[in-house]
Amino acid sequence: MPTTQETPTTSPIGRKTPRVDGPLKVTGTAQYASDFHFPGMLYAVPVEATIASGRVTKLDTAAAEKMPGVRAIFHRENIGKIFRSVQGEGFDGIIDERRPPFEDDVVRYYGQYIALAVADTFESAKAAADAVRATYAKDKHNVATDLVADDEPDVVDTSFAPTKRLQSERGDPERAFASAQV
């Protein structure tokens, strides 16, 4: 039989929690980041890899660059070197990506950013991102159950705090089922 646990007095579980944003959301008057428009503001939409593993061999941006309102299509060939930020005194951001964007043409996972469309409106940026055509040399993706990290350390220094590279850990399902009451 499960035992009951006492909920700490600081926990919101089991008691009313005021939702100051509730009335604004249900009446449609809440403002979101996309509701703000500033003079000269540009919008960016990433172009994502459509394969899980391989290499970008060609990126055709010609049609996207000619679309109305498009300011630029950034990718590794035209953006120049991007340096990875490092943890520094007084720096409040969290940096946990160890590889700068567009560092190389290697596709490491499905959805990896391979280019960035920048335009006057979100709709123009989205249309331009959709118009970019990538050609790939596909590699066999790793579907092994026991994945081995590359040469990355187990704990990565981020500007927030030292963080485990692996954010989830697998348990022991056989032991859990064997000890389960049902």
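**Charged pairs and strands**

Tutor: Start here: Arg19, Asp21 and Lys25 are linked in a network of salt bridges. A salt bridge is a side-chain nitrogen of Lys or Arg within 4 Å of a carboxyl oxygen of Asp or Glu. This is a predicted model, where local features need pLDDT of at least 70, side-chain atom pairs count only at pLDDT 80 or more, and totals for chains, interfaces and linings use all residues. Residues are numbered from 1 along each chain as its sequence is written, and side-chain values use heavy atoms, leaving out hydrogens and water.

Student: How far apart are the closest N and O atoms of Arg19 and Asp21?

Tutor: They are 3.1 Å apart. Asp21 also meets Lys25 in a salt bridge, at 2.9 Å, N to O.

Student: Is Arg19 buried or exposed?

Tutor: Arg19 is exposed, with 54% relative accessibility. The cut-offs: buried is under 20% relative accessible area, exposed is over 50%, and partly exposed is in between (1.4 Å probe, protein chains only). Asp21 is partly exposed at 24%. Lys25 is partly exposed too, at 41%.

Student: How many salt bridges does the structure hold?

Tutor: Seven. One of them joins Asp105 and Arg55, at 2.4 Å from N to O. This pair links distant parts of the chain, 50 residues apart: Asp105 is in the loop between β3 and β4, and Arg55 is in strand β2. Strands (E, at least two residues) and helices (H or I, at least four) are DSSP runs, numbered from the N terminus.

Student: And is Asp105 buried or exposed?

Tutor: Buried, at 18% relative accessibility. Arg55 is partly exposed, at 39%.

Student: Switching to strands. What does Arg55 stand opposite in β6?

Tutor: Ala137. Six bridges join β2 to β6 (residues 133-138), and the two run antiparallel. Strands count as paired if DSSP finds at least two bridges between them. β2 (residues 54-60) is also joined to β4 (residues 106-107), antiparallel, by two bridges. There, Gly54 stands opposite Val107.

Student: What is the order of the open sheet of three strands?

Tutor: β1-β5-β3, with antiparallel pairing. β1 (43-48) and β3 (70-75) each have a single partner strand, so one side of each is left without a neighbour in the sheet.

Student: How many bridges pair β1 and β5?

Tutor: Six, in the antiparallel sense, with β5 covering residues 113-119. Pro46 has Leu116 in β5 as its bridge partner.
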